[in-house]
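Have a look at the fold, then read on.

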Amino acid sequence: MNLTENNNLSSKSNLKAINEKPLVVQVLVGILLYVNGLMMFTFLKKETFRDTRYILFAQTLFVDSAFMVLTDLTLMGGFYQYPVHIIPCCILCTLMSLLSLCSPMTLVAMCLERYVAICVPLRHASISTPKNTFIGLSVILGVSSVLPLFIFTVYFVNIPPGFLHLYVVCNLEVMLQIKWLADMRASSLQLIFIIMFCTVVSTYFKIMLAARSASSERKNSTNKGLKTIILHGVQLLLCMMHLITPYIEMPLWKVDVRLFVNVKYSDFILFLILPRCLSPLVYGLRDKKFYSALKYYAFCGILVCNKHKIRDDNTFRGVVSISINN
């Protein structure tokens with residue numbers, strides 16, 4: 001009897017812990033979406049933030065927000081085992097793959113922009129123009145879409161016709177059933193990661209060399225640029241770790257669905273939520289100009305109301321005092 005009661009209590013506690021996980025995820029995603037939305041609103045409201053670094057930052061915020069929403073939908077669908085038709089599932093997975101590549105590539109572009117600003121300051125104005133920035137964003141989007149669209153095309157060419165009527169629990173693993181396609185994707189992602197990481201590391205060392213020879217007036221901005229590169233490097237590492245997590249999760253998906261969901265939940269927190277927290281830290285808190293504008297818009301309702309209230313009270317007192325004197 002005691003053993004049965006203990007088993008019941010243990011199963012209830014496990015069920016409670018499992019049911020709390022979606023709530024924790026929704027709270028974290030909601031907080032990050034609110035912060036990112038507030039930052040995008042700040043970017044759009046201020047004309048002074050039309051520099052290349054802020055445009056790239058806004059691109060990162062938008063891509064990260066869209067990626068979090070789509071990944072959260074697939075995570076909740078996997079948690080509750082909700083079946084989806086395979087065609088919209090594959091379209092959703094392709095879009096997620098595109099966004100997951102677009103985010104780290106934008107981080108590399110931000111590192112290169114800091115390199116130009118610090119190491120080649122005289123050419124920064126001519127290189128970092130709005131036109132060149134949007135061309136760069138288009139190139140990033142185009143390069144990011146090559147691999148996902150190739151996988152999408154090959155998958156639909158190779159699957160039997162009967163599979164088009166299937167309903168599946170939507171995950172990226174659905175499109176990685178073909179072994180050579182999964183191996184090709186893994187190799188491509190490893191090559192992309194090596195290229196991007198080498199670019200960030202070389203940028204860091206070049207800025208570090210520039211910091212040693214910089215004047216005392218430029219020391220602070222150069223050192224700040226080094227710290228920014230380090231943060232972007234950590235972001236890049238975590239983002240690329242998220243790209244290889246499907247190969248860790250795939251064997252678990254075939255063995256135990258519940259264990260697969262738990263591992264996917266942990267990967268979601270560590271490799272998706274955590275690196276997206278660093279973007280607001282880099283520009284939302286460390287950039288004084290952006291932080292001032294962000295603080296203004298975050299508290300503008302309270303500050304503006306108080307300011308108008310004080311102004312109206314002073315006006316009313318002035319009118320009353322004039323009336324009394326007259």
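Which helix do K179 and D183 both lie in, and how many residues apart are they? Both lie in helix α6 (residues 179-213), four residues apart, about one turn of the helix. Helices here are DSSP runs (H or I, at least four residues), numbered from the N terminus.

## Ground rules

This is a predicted model, where local features need pLDDT of at least 70 and side-chain atom pairs count only at pLDDT 80 or more, while totals for chains, interfaces and linings use all residues. Residues are numbered from 1 along each chain as its sequence is written, and side-chain values use heavy atoms, with hydrogens and water left out.

## Salt bridges

A salt bridge means a side-chain nitrogen of Lys or Arg within 4 Å of a carboxyl oxygen of Asp or Glu. The count comes to two. One of them joins K179 to D183, with the closest N and O atoms 2.9 Å apart. An α-helix has 3.6 residues a turn, so residues three or four places apart point the same way. K179 is exposed, at 61% relative accessible area, and D183 is partly exposed, at 38%. (Buried is under 20%, exposed is over 50% and partly exposed is in between, using a 1.4 Å probe and protein chains only.)

The side chains of E113 and R114 also meet in a salt bridge, 2.9 Å from N to O. Here E113 and R114 are both buried.

## Helix α3

Helix α3 covers residues 86-119, 34 residues in all.

## The helices packed against α3

Helix α2 (residues 52-79) has an axis that comes within 9 Å of that of α3, and the two cross at roughly 155°. Axes are lines fitted to C-alpha atoms, for helices over the stretch in contact, and angles run from 0 to 180 degrees between N-to-C directions. α2 and α3 are therefore roughly antiparallel, a label for angles over 145 degrees. By class, their contact has 13 nonpolar, eight polar and four charged residues. (Nonpolar covers Ala, Val, Leu, Ile, Met, Phe, Trp, Tyr, Cys and Pro; charged covers Asp, Glu, Lys and Arg; the others, Gly among them, are polar.)

Helix α5 (residues 130-158) packs with α3 at about 155°, with the axes 8 Å apart. That makes α3 roughly antiparallel to α5.

Key
The expected span of a helix is 1.5 Å times one less than its number of residues. Angles under 35 degrees count as roughly parallel, over 145 as roughly antiparallel, 65 to 115 as roughly perpendicular and the rest as oblique.
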